[in-house]
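Reader: I am new to protein models. Can you show me how to read one, feature by feature?

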Amino acid sequence: MTPLEIAANACVAVSIFLAGRNSIHTWWTGIAGCTLFGLLFAEHRLYADVLLQVFFVGTSVLGWWRWARGKAGAPLPVTHARPRTLAWMVPAGVAASAAYGALLFYSTDAYAPFVDSAVLVFSVIAQLLMMGRRIESWPLWLLVNTIAVPLYASRGLHLTALLYAAFWVNAIVSWLWWRKLARQQAAGSAPAATGAGSVAPAPVEP
């Protein structure tokens, strides 16, 4: 366990907690944590994860804007993804995981390239759904966390593995909470945002 791993885990833990509470401040805390994780994974030759952190930083900037102003200048509501969207995303994720894993296997010294690639690809899909405030991002995060915990533990990143185990629990809680928010919004009875730590459906301040 190094100071870099501790700092990365602390920032991302705060970001994930805020995401589950539907707070817009998940994005800037995520940018800090993903930058640190990128450096950490590079040290451990988890190259797919390094690329994933770069993607997270970029999409966090866009997600920050979309949550605040993504619906005609208004905060983006919590909604379900369309079934046809999920119908192509999941098979595409499996195919992309296999293809990128093969690329890493034959061209780098990556550790567990196919498992590492699955973490990358399905994290990308979950992040895209998260940017749109889609409820289905949470079951995909459950899948990612299930794969990531043994991967990181096998590389001696025990604090990171423990954090992802906590994320697994948080994803279940957040999944249920976002479903409740969507029902409240549909009924027109969602509570108003109250500030930085608000769990309201649509925080309005970045």
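Author: This is a predicted model. Start with what covers a helix. The buried residues of H2 have cover that includes helix H1 (3-20), H3, H5, helix H6 (137-154) and H7.

Reader: Which residues of H2 are buried?

Author: Buried means under 20% relative accessible area. In H2 the buried residues are Thr 26, Trp 27, Thr 29, Gly 30, Gly 33, Cys 34, Phe 37, Gly 38, Leu 40 and Phe 41. Take Cys 34 as a case: its relative accessible area is 9%.

Reader: How many residues does H2 have, and how far does it reach?

Author: Compare the span with the expected one. H2 has 18 residues. From its first C-alpha to its last it reaches 26 Å, close to the 26 Å expected at 1.5 Å a residue.

Reader: How many helices and strands does the protein have?

Author: It has 7 helices and 0 strands. Read from the N terminus, the elements run α-α-α-α-α-α-α.

Reader: What share of the protein is buried?

Author: Of its 206 residues, 44% count as buried. The accessible surface comes to about 9,500 Å². Carbon and sulfur atoms hold 73% of that surface.

Reader: How do I read contacts along the chain?

Author: Look at how far apart the partners sit in sequence. Take contacts between residues at least 6 apart. Of these, 71% join residues at least 24 apart.

Reader: Can we go back to the cysteines? How many disulfides are there?

Author: The test is a distance. Two cysteine sulfur atoms must lie within 2.5 Å. By this rule the count is 0.

Reader: Is Cys 11 buried or partly exposed?

Author: Cys 11 is partly exposed, at 25% relative accessibility. Cys 34, in contrast, is buried at 9%.

Reader: Now charges. How many salt bridges does the whole structure have?

Author: Look for a side-chain nitrogen of Lys or Arg within 4 Å of a carboxyl oxygen of Asp or Glu. A search of the whole structure finds 1. Asp 109 pairs with Arg 45, and their closest N and O atoms are 3.1 Å apart.

Reader: Where do Asp 109 and Arg 45 sit?

Author: They belong to distant parts of the chain, 64 residues apart. Asp 109 is in the loop between helix H4 (83-107) and helix H5 (113-131). Arg 45 is in the loop between helix H2 (26-43) and helix H3 (47-69). Asp 109 is partly exposed, with a relative accessible area of 43%. Arg 45 is also partly exposed, at 32%.

Reader: What is the phi of Ala 112?

Author: Ala 112 has a positive phi too, near 45°. Ala 112 lies in the loop between H4 and H5. At 26% relative accessibility, Ala 112 is partly exposed.

Reader: Where is Val 169 found?

Author: Val 169 is in helix H7 (residues 158-187). Its relative accessibility is 47%, so Val 169 counts as partly exposed.

Reader: Is Tyr 164 buried or exposed?

Author: Tyr 164 is buried, at 11% relative accessibility. Tyr 164 also lies in helix H7.

Reader: Which residues does Tyr 164 touch?

Author: Set aside residues up to four places away in sequence. Then Tyr 164 touches Asn 145, Ala 148, Val 149 and Tyr 152. Tyr 164 and Val 12 are 152 residues apart along the chain. Their C-alpha atoms are separated by 10.0 Å.

Conventions: Residues numbered from 1 in each chain as written. Predicted model: local features only at pLDDT ≥ 70, side-chain atom pairs only at ≥ 80, totals over all residues. Heavy atoms only, no water. Buried < 20%, exposed > 50% of the residue type's maximum accessible area, 1.4 Å probe, protein only. Helix = DSSP H or I, 4+ residues; strand = E, 2+ residues; numbered from the N terminus. Expected span 1.5 Å × (residues − 1). Contact = heavy atoms within 4.5 Å. Areas by Shrake-Rupley, 256 points an atom, 1.4 Å probe, with all protein chains shown as cover.
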